[in-house]
Amino acid sequence: MIPRIAQGHVVSCQYWDGTCKTIANPQQSKTVGKFYYSVVPGSKLTGKMIHRSISSPLAAILVNKYSPRKAQAAYLALWLGSGKNSIPIVSDPANAFNDAWATEHFSAPPVIKAYTQEGINAIKKNFEVVSPPIYLTGYLEFQDALGKNLSEAYVGQLPAKDVLKRTEDEWNNIVRRIGRSKLKKDLESYKAVMPRRDVPA
């Protein structure tokens, strides 16, 4: 989708923050200065307007548990992930994969130049209503089971009426393996970091 946006084939979209850098880069985009950035569209639930964005990291720095230098790798990950040291990564105009996220990014001139002030302002507003990534033990297993069953139904290998039952059975197996008490604790910590605001200030 990013190349289609940059080449002017898209009128409007909801997409990753890093897209701002591609749109603002004259070497990559025919749409420089032609996009308006804003908060994600809202909807009314029981008559109340709610805007809800999502934080969905696509990349992470991982430390291999078999590494003979786990401590050094962990310190490098912490160093790269700090606000100050991640500015060159986040502001890189060609690699739009790393979105602005740290407080330091929103006032750093290289980041503002890469994203435009309007883009940075919109990202800050969206952060006020952003739901955190789902850090739930077994999350990927739950997601994979649902995705597999939906895909099989989509191509006709599984009757649509069986998707929910099969997914429920597979999810129950995952819950039994992980343990209800562990998942309840995970869910409590996840709920604790949910946004308190429905509409940005």
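**Cysteines and charged side chains**

Guide: By the cut-off used here (a disulfide is a pair of cysteine sulfur atoms within 2.5 Å), the count of disulfides is zero. Cys-13 is in no disulfide, and the nearest cysteine sulfur, that of Cys-20, is 9.4 Å away. Cys-13 is partly exposed, at 34% relative accessibility. Cys-20 is buried, at 6% relative accessibility. Buried means under 20% relative accessible area, exposed over 50%, and partly exposed in between (1.4 Å probe, protein chains only).

A word on the source. This is a predicted model, where local features need pLDDT of at least 70, side-chain atom pairs count only at pLDDT 80 or more, and totals for chains, interfaces and linings use all residues. Residues are numbered from 1 along each chain as its sequence is written, and side-chain values use heavy atoms, with hydrogens and water left out.

Now the charges. A salt bridge is a side-chain nitrogen of Lys or Arg within 4 Å of a carboxyl oxygen of Asp or Glu. The whole structure holds nine salt bridges. One of them joins Glu-141 and Arg-177, at 2.2 Å from N to O. This pair links distant parts of the chain: Glu-141 lies in helix α7 (residues 139-154) and Arg-177 in helix α8 (residues 160-178), 36 residues apart. Helices are DSSP runs (H or I, at least four residues), numbered from the N terminus. Glu-141 is partly exposed at 37% relative accessibility, and Arg-177 is exposed at 52%.

Lys-148 pairs with Glu-170 in a salt bridge, with the closest N and O atoms 3.3 Å apart. Again distant parts of the chain are linked: Lys-148 is in helix α7 and Glu-170 in helix α8, 22 residues apart. Lys-148 is partly exposed, at 38%.

Lys-182 and Asp-186 also form a salt bridge, at 3.2 Å from N to O. Both sit in helix α9 (residues 180-192), four residues apart, about one turn of the helix. Lys-182 is partly exposed at 39%, whereas Asp-186 is buried at 10%. Elsewhere, a network of salt bridges links Lys-48, Arg-52 and Asp-198.

Finally, Lys-21, in helix α2 (residues 19-23). Lys-21 is buried yet has no salt bridge; Asp-99, the nearest side chain of opposite charge, is 6.0 Å away. Here Lys and Arg count as positive and Asp and Glu as negative; His and the chain ends are not counted. The Lys-21 side chain does reach the backbone oxygen of Asp-92, at 3.3 Å.

Note on methods:
Helices (H or I, at least four residues) and strands (E, at least two) are DSSP runs, numbered from the N terminus. A polar contact is a pair of N or O atoms within 3.5 Å; within protein, one must be able to donate a hydrogen and the other to accept it, and residues adjacent in sequence count only if both atoms are side-chain atoms.
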